[in-house]
Amino acid sequence: MKKWLCLGLVCGLILPLTANSEEVLISDVESPEFTEIQSETDGAWHVLADFSQLKFPLAAQWKAGSGTELVIEINNQQYVISRADVELAGEEIVTSACDTVPLAIANNSTSVSVKGAGEACD
C-alpha cells in the first residue's frame with residue numbers, strides 16, 4: 001500500500017513538471033509590430049518586430065507554472081511571450097465561424113478567443 005501511495009505521489013509531482021517543459025514550435029506571429037515580449041532577466045518590455053533576425057519556426061517552452069505564456073530565446077536571452085500572440089506549428093486557426101462545429105469549453109478556461117462571433121453566414 002505504501003509503495004503505491006509513494007508511486008502516486010511521485011507521478012503526481014513529476015507529470016505536471018514534464019507537461020510544462022514541453023517544447024513547442026512557433027510557426028508565425030500575426031502582428032510582430034504590435035506584439036510585446038518581456039525579458040526574463042530585467043523585466044523590460046520589447047516589441048517583437050525590433051528583433052529582425054527572427055526565423056520561423058521558433059522553438060519555445062511553456063513558462064513554468066503558466067499555461068498562457070511561452071519562453072523563447074533571442075540572442076542568448078530569454079523572453080516571455082503570450083500564447084495568444086502566436087500560432088503554433090500544426091495548429092489550424094479558425095477564420096470562419098460558418099465552417100465550424102459549435103464547441104463546448106470547460107468552465108475553468110482562462111481565456112477564449114472567438115473570431116467572427118455574431119456574423120451572418122452567407
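The side chain of Ser66 reaches the backbone nitrogen of Glu69 at 3.2 Å. Ser66 sits in the loop that links strand 4 to strand 5. Its relative accessibility is 13%, so Ser66 counts as buried. The model that shows this contact is a predicted one.

Glu69 is partly exposed, with a relative accessible area of 26%. Lys63 is partly exposed too, at 27%. Strand 5 covers residues 69-74 and strand 4 covers 58-62.

A search of the whole structure finds two salt bridges. Arg83 and Glu91 form one of them through their side chains, at 2.2 Å from N to O. Glu91 has a relative accessibility of 27%, so this residue counts as partly exposed.

Now the sheet. It is open, has seven strands and runs in the order 3-2-6-5-4-1-7. The pairing is antiparallel. In general, strands of a sheet pair through backbone hydrogen bonds, either parallel or antiparallel. Strand 3 (45-47) and strand 7 (87-88) are the edge strands, and each pairs on one side only. Strand 2, residues 36-39, pairs with strand 6 over two bridges, in the antiparallel sense. Ser39 has Tyr79 of strand 6 as its bridge partner.

What does the largest nonpolar core contain? It has 17 residues. Those with the most contacts inside it are Ile26, Leu70, Ile72, Ile74 and Ile81. Strand 1 (23-28), strand 4 (58-62), strand 5 (69-74) and strand 6 (77-82) each supply at least two residues of this core.

Take Ile26 as a way in. Leaving aside residues up to four places away in sequence, Ile26 touches Leu70, Ile72 and Ile81, among others. Its contacts also include Leu58 and Ala60. Val86, Glu87 and Leu88 are on the list as well.

A cis peptide bond joins Phe56 and Pro57, with omega about 5 degrees. Pro57 lies in the loop between strand 3 and strand 4.

Which loop holds Asn75? Asn75 is placed between strand 5 and strand 6. Its phi is positive, about 50 degrees, although Asn75 is not a glycine. Asn76 belongs to the loop between strand 5 and strand 6 as well. Phi of Asn76 is also positive, near 60 degrees, again in a residue other than glycine. Are these residues buried or exposed? Asn75 has a relative accessible area of 56%, over the 50% cut-off, so Asn75 is exposed. Asn76 reaches 72% and therefore counts as exposed.

Finally, confidence. The chain averages a pLDDT of 78, and 59% of the residues score at least 70. Over residues 9-20, pLDDT stays under 50. For that stretch the model has five contacts beyond four places in sequence. Where pLDDT is low, the predicted coordinates should not be read in detail.

Notes. Residues are numbered from 1 along each chain as its sequence is written. This is a predicted model: local features need pLDDT of at least 70, side-chain atom pairs count only at pLDDT 80 or more; totals for chains, interfaces and linings use all residues. Side-chain values use heavy atoms; hydrogens and water are left out. A nonpolar core is a set of buried Ala, Val, Leu, Ile, Met, Phe, Trp, Tyr and Cys residues joined through side-chain atoms within 4.5 Å. Buried means under 20% relative accessible area, exposed over 50%, partly exposed in between (1.4 Å probe, protein chains only). Helices (H or I, at least four residues) and strands (E, at least two) are DSSP runs, numbered from the N terminus. Contact means heavy atoms within 4.5 Å. Two strands pair if DSSP finds at least two bridges between them. pLDDT is the predictor's confidence in each residue, from 0 to 100. A salt bridge is a side-chain nitrogen of Lys or Arg within 4 Å of a carboxyl oxygen of Asp or Glu. A polar contact is a pair of N or O atoms within 3.5 Å; within protein, one must be able to donate a hydrogen and the other to accept it, and residues adjacent in sequence count only if both atoms are side-chain atoms.
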